[in-house]
Amino acid sequence: MAWHEMRRAWFGDRSQKSHTKFRRPILSWTTSFEDLLSTGEPFPEPIPLTDVVDILVDIWVKEGFYN
């Protein structure tokens, strides 16, 4: 129960939020890794893990680390 309470405090009560199928992208598809590292400013909202993975895979493919 303590874990659920801490999670609810961290993420908020998701049961009250509407779940939308489509979301507005936080990062532009033209954002490069250098763009992400060039500023120390925090992002206006959290970036979903799937978006971060997509960026990393694109970089790895470009650099020849991922086949």
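I began with burial: buried residues (under 20% relative accessible area, 1.4 Å probe, protein chains only) make up 6% of the 67 residues in the chain. The model is predicted, so I noted that local features need pLDDT of at least 70 and side-chain atom pairs pLDDT 80 or more, while totals for chains, interfaces and linings use all residues. Residues are numbered from 1 along each chain, and side-chain values use heavy atoms, without hydrogens and water.

Next I looked up the surface. The chain exposes about 6,700 Å² (Shrake-Rupley method, 1.4 Å probe), and carbon and sulfur atoms supply 60% of that area.

Then the fold. I found three helices and zero strands (DSSP runs: H or I of at least four residues for helices, E of at least two for strands), in the order α-α-α from the N terminus.

Just after H3, Gly64 takes a positive phi of about 80°.

Val61 lies in H3. I noted Val61 as partly exposed because its relative accessibility is 46%, and partly exposed runs between the buried limit and the exposed one, over 50%.

Last, what does H3 give to the lining of the largest pocket? I found seven residues, the most of any contributor. Helix H2 (33–37) also supplies at least two residues of this lining.
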